[in-house]
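Good morning. I will take a few minutes to go through one structure, and you can follow along on the screen.

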Amino acid sequence: MAHLRLTGLTKSYGSVHALRGVDLEIEDGEFFVLFGPSAAGKTTTLRVIAGLEKPDSGTLVVDGHDLAGVPVKRRDMAMVFQSFALYPHLTTYQNLAYPLREMKLRRREIDTRVRETAELLRITHTLERKPASLSGGEQQRLAIGRAIIRSPRLFLFDEPLTNLDAKLRHDMRAEFKRLHREIGTTTVYATPDQLEALSIGERVAVIQHGRITQIDTPDALYAEPVDRHVASLIGDPPINLVKGTLKAQGGNVGPAIELPFMELDGSRWREGLQALDAGTELLVGIRPHDLALVDEGGAGVPATIEITEPQGDITILDLKAAGVPLRMVVAEATGARYAAGDSVRIALAGADTQLFLSDSGTMVA
Amino acid sequence: MARKRREIGKAGWRRTAVSTVISFIYFFPVLWIILTAFKSHTDALSTPPKFIFTPTLENFASVFARAYERGGAAVDTHFDLFFFNSIFIAGASVGVALVIGTVAAYGFSRWPLRGNETYLFIILTTRMLPPIIVIIPIFIMFRLSGLSGSYVGIILLYAAFNLPFTIWMMKSFFDEIPREVEDAARMDGSSEMKIFFRICLPQVKAGIAATAVFGLILTWNEFLFALLLTGRDTRTVPVAMAQTIGGDIGVRWGLLAAIETLFLIPVVIVTFLLQNQLLRGVTFGTIKR
């Protein structure tokens, strides 16, 4: 159990700035996800928390104690590495027993705990084998086992599912949730996969270029991204960002945004738009799920289908409307009726449209 | 896989024939020496050379047991001592080089110094010049320090010779170990000492074996420095072998061949015992695991 506070952490490797001031607060018992593209600073953040890396500046406080100068082995944390980092020359049993032997537990107790943990993770049948002869999933579970076996106060997971195949990844996501429910230890989980981040995180921090850009619940990240970068990182297929201009407003005329293919009512953003001049460049974020096909002759704007990407249950349509590329999602049955080159009419159907300033990319509330 | 095996089987007899011929040519000098070792003195000298003869063990007997005549006097060959010397000196010097070299290599790999590459290069340069260039200063140094003719002297010298490539080879083996494994051990509460002994060292076992074999063979065969720097009691087999040549009887080919045959055996044994480790060591890092 641990409460973590990171303040202004920075870390550079030569001229590469891995962390440019990371501030985080992680509650006791929380499953906290650190989400960001590769090389954003996720691993470095975890390694700094673990003590494997010394920050250039900033503080790390756990349960009220500043951890600066506290060596790795006295931090009582466990980490699962992206490469699993199993001890290749030791058997599953010895791998699991290793941290316990370092704790100088008695042989009897070690044996009990090793067997319990192996049972919990369903790797009992591999106890006498070496990591190289285990399947990817078994290696993964062994790596988790080695972390949970000594009941540390904090878990650090560094992209633990990246090296697994898609099916296994899905199963393991559920496994992580189950484990966390059973053990309840504070967990920091780094991942570059938005699906993973949204599905298992209680709270998610988005990290980009060594900075945290947003910390929120998965729902809030999707609905209210702070800027266009967060918006485009979350959601699959990614959000459509369309350039637009603010039209003149005032008096009885509400704000409106001129898009190449339509005019968008801006009254939802009235407060945010008030301060802006007419002609301000904006970016309109339209989720692919919020676009709908409408009947010929109905409302909506004309578009041409460029590519259809059937996904099984749904089909992604790549469209062009007034020269602007757009992506939308339709049901497979609907998608099957269309082919590249077809002309369709589309309309904005959902209410999740987001508005960002074009120059800074920040969201207009 | 199955198809590949069948193809090899099909073309087998031709390939086997070719490789047999090539192997025979390569192996012929060794074969000749082994044959000669079992020949009597007259058989060994006969022209044309004999391939069919009555084998005798008298040469082997005279290597150790029988004193042989030189100018009528009985002289003990001392070859039991020389074989012991060769084994002891090669083993000890390779052992010393491995202990120092492995620790140094781990240091170079994991705790690089400022100018790490330069240090490594300097270490390598000591092996670049032909040994004969430095033999005179080394000879004088050994004379002055009293190391000449002692076990300590020649063992230190061979250890120093083995050290550069021990460091280079072992460093490449350590470089291959993913650092995350060490970080995992650190998280699990291991001290740096334990990480080295319990995590890293077991993973480079194959590398240590490969390095040891190369070092042993190199040291085992060394002649030049042994000739100049060993004394009567510390003489190694290659030097002693050369010194059997000459005297009234001329070259005793049978005796020489017997010594050479015996000299070959430890190399074969070591290589055979370590062949699995050796192969793993040589191919280390060539296959992504």
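This is a predicted model: local features need pLDDT of at least 70, side-chain atom pairs count only at pLDDT 80 or more; totals for chains, interfaces and linings use all residues.

Let me begin with the overall make-up of chain A. DSSP gives chain A 10 helices and 20 strands. Its C-alpha atoms fill a box of roughly 80 × 45 × 35 Å along the principal axes. Chain A has 365 residues, and 41% of them count as buried. If we take the contacts in chain A between residues at least 6 apart in sequence, 65% join residues at least 24 apart.

Now some strands of chain A. In what order do the 5 strands of the open sheet in chain A come? The order is 13-12-11-14-20, and the pairing is antiparallel. At the edges are strand 13, residues 263-265, and strand 20, residues 354-357, each of which pairs on one side only. From one strand to the next, the twist averages 40°. Inside that order, strand 11 (residues 240-246) and strand 14 (residues 281-286) of chain A run antiparallel and are joined by 6 bridges. To find one of these on the screen, look for Asn240(A), whose bridge partner in strand 14 is Ile286(A).

There is also a hairpin to look at. Strand 9 of chain A, residues 203-208, pairs with strand 10 of chain A, residues 211-216, in the antiparallel sense over 5 bridges. Val204(A) has Asp216(A) of strand 10 opposite. The hairpin has 2 residues between the strands, and His209(A) takes a positive phi near 50° there.

One more strand residue, Ile346(A), lies in strand 19 of chain A, which covers residues 343-348. Why does Ile346(A) count as buried? Ile346(A) counts as buried because it has 20 C-beta neighbours inside 10 Å, and the cut-off is 20 or more. Setting aside neighbours within four places in sequence, the contacts of Ile346(A) include Leu291(A), Val294(A), Gly300(A), Leu319(A) and Met328(A).

Next, a helix. Helix 4 of chain A runs over residues 136-148 and has 13 residues. From first C-alpha to last, helix 4 of chain A reaches 19 Å, close to the 18 Å expected at 1.5 Å a residue. Is helix 4 of chain A mostly covered or mostly uncovered? Helix 4 is mostly covered, with 10 of its 13 residues buried. Among the buried ones are Gln139(A), Arg141(A), Leu142(A), Ile144(A) and Ile148(A). The buried residues of helix 4 pack against strand 6, helix 2, helix 3, strand 7 and helix 5 of chain A.

Two of those elements come up again where the chains touch. How many residues of chain A are in contact with chain B? There are 17 from chain A, in contact with 13 from chain B. Strand 6 (77-80) and helix 2 (92-102) of chain A each supply at least two residues of the side that touches chain B. By type, the residues on the chain A side divide into 13 nonpolar, 2 polar and 2 charged.

That brings us to chain B, which has 15 helices and 2 strands. Chain B has 289 residues, of which 30% count as buried. Among its contacts with a separation of 6 or more, residues 24 or more positions apart account for 76%.

I will show one pair of helices from chain B. Helix 11, residues 205-221, and helix 14, residues 253-273, pack at an angle of about 175°, and their axes are 11 Å apart.

Helix 11 of chain B has 17 residues and reaches 24 Å from its first C-alpha to its last, close to the 24 Å expected. Its buried residues include Ile208(B), Val213(B), Leu216(B) and Trp220(B).

That is the end of the tour.

Technical notes. Residues are numbered from 1 along each chain as its sequence is written. Chains are lettered from A and ligands numbered from 1 in the order in which they are written. Two strands pair if DSSP finds at least two bridges between them. Helices (H or I, at least four residues) and strands (E, at least two) are DSSP runs, numbered from the N terminus. A residue is buried if 20 or more other C-beta atoms lie within 10 Å of its own, exposed if 12 or fewer, and partly exposed in between; C-beta atoms are placed from the backbone. Two residues are in contact if their C-beta atoms, placed from the backbone, lie within 7 Å. Ala, Val, Leu, Ile, Met, Phe, Trp, Tyr, Cys and Pro count as nonpolar, Asp, Glu, Lys and Arg as charged, and the others, Gly among them, as polar. The expected span of a helix is 1.5 Å times one less than its number of residues. Axes are lines fitted to C-alpha atoms, for helices over the stretch in contact, and angles run from 0 to 180 degrees between N-to-C directions.
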